[in-house]
Amino acid sequence: MTRIVIAGPRGNMGQEAVKLCLREESFELVAVVDSKNDGKQLKDLQEFQQGDVPVYTDMARCFAEHEPDVLIDLTAPAFGRKHMEVAFEHGVRPVVGTTGFSDEDIRDLTKLAEAKELGAIIAPNFAIGAILMMKFAQTAARYMNDVEIIEQHHDRKLDAPSGTAVKTAQLIAEVRAPKKQGHEQEREEMAGARGADFDGMKIHSVRLPGRVAHQEVLFGGVGQTLSIRHDSLNRESFMPGVKLAVEQVVKLSTLVYGLENLID
Ligand code: NAP
């Protein structure tokens, strides 16, 4: 039985993760960490009808009292790093879907995980189809090196570009030499018109109500284009990946960044 704490249980992702932990026989949800509602039970919150699971606002106190194996963090970009540090201090393995980590965060947290010999997983995208989209895009970039990424999310998302878009650009950059795309004399008549720049490839972020999480990687060549697209239609799409990450993190003693590193 894996003892789990979820941070951010009332959020869109958190609510699905709570359902996952309550239905999986090998998972035990021992507590949740919320930004409010300290001292209540999960079943007292309007988002849930069941769950004799205590709610904490203080993560360190929650860990000290329940000694979980795994933290599932689905909160906000400002808290992901801090929550991982608190988890490591208490010998808890973090599985983090929260986005917004910098390269420096990943480097520092990798060192911390290795020093503590604790497994950790940061997954900018838990959807298996999105992992395939990134892998296929990396393969295509070996042959077609003019590429632009368009990601679309709901308008409550705090960070842009998305963690998935950044991760896709990083994977492509492993096989594509930096190259400034577009006309060498192009100029933006309006700031931001050409999107964010990553090694010369452009990333465009759309934020609209009604969207969940979508990404298209567009390649252009002489007389041809290639589009690789993935759509998450609801938050349930992320849960098989969360389950896989929880099952794997207890076997790891280092940090893994990206679910693609756990899938052949
Ligand atoms: P959301 O609906 O805004 O939920 C976030 C929840 O976290 C809210 O209930 C919020 O409470 C709570 N929270 C914020 N700070 C907290 C803290 N310090 N301690 C405890 N709880 C805290 O967001 P979401 O759509 O579920 O997404 C959550 C995160 O996952 C985001 O970073 C998002 O980009 C990411 N995400 C990842 C994936 C993936 O596959 N990896 C997929 C979708 C989203 P309040 O409302 O009271 O502040």
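Me: Which residues make the nonpolar surface patch of about 260 Å²?

Reply: Ile128, Leu132 and Phe136 make this patch. A patch takes residues with over 30% relative accessible area and no salt bridge, with nonpolar side chains (Val, Leu, Ile, Met, Phe, Trp, Tyr) joined within 5 Å and like charges within 9 Å. Areas come from the Shrake-Rupley method with a 1.4 Å probe, and for residues only the protein chains shown count as cover. The model is predicted: local features need pLDDT of at least 70, side-chain atom pairs count only at pLDDT 80 or more, and totals for chains, interfaces and linings use all residues. Residues are numbered from 1 along each chain as its sequence is written, and side-chain values use heavy atoms, with hydrogens and water left out.

Me: Why is Leu132 called partly exposed?

Reply: Buried means under 20% relative accessible area, exposed over 50%, and partly exposed in between (1.4 Å probe, protein chains only). Leu132 has 37%, so Leu132 is partly exposed. Leu132 lies in helix H5 (residues 128-141); helices (H or I, at least four residues) and strands (E, at least two) are DSSP runs, numbered from the N terminus.

Me: Why does His154 count as buried?

Reply: The relative accessibility of His154 is 17%, and therefore His154 counts as buried. His154 is placed in the loop between strand S7 (147-153) and helix H6 (163-173). Leaving out residues up to four places away in sequence, His154 touches Arg207, Leu208, Arg211, Val212 and Arg235, where contact means heavy atoms within 4.5 Å.

Me: What makes Glu85 and Arg81 a salt bridge?

Reply: A salt bridge needs a side-chain nitrogen of Lys or Arg within 4 Å of a carboxyl oxygen of Asp or Glu. The closest N and O atoms of Glu85 and Arg81 are 3.0 Å apart, so the pair meets that definition. Both residues lie in helix H3 (residues 80-89), four residues apart, about one turn of the helix.

Me: Which salt bridge partner does Arg81 have in Asp108's helix, and at what N to O distance?

Reply: The side chains of Arg81 and Asp108 meet in a salt bridge at 3.1 Å, N to O. This pair links distant parts of the chain, with Arg81 in helix H3 and Asp108 in helix H4 (residues 103-116), 27 residues apart.

Me: Why are Lys243 and Glu247 separated by about one helical turn?

Reply: They are separated by about one turn because they are four residues apart in helix H7 (residues 239-249).
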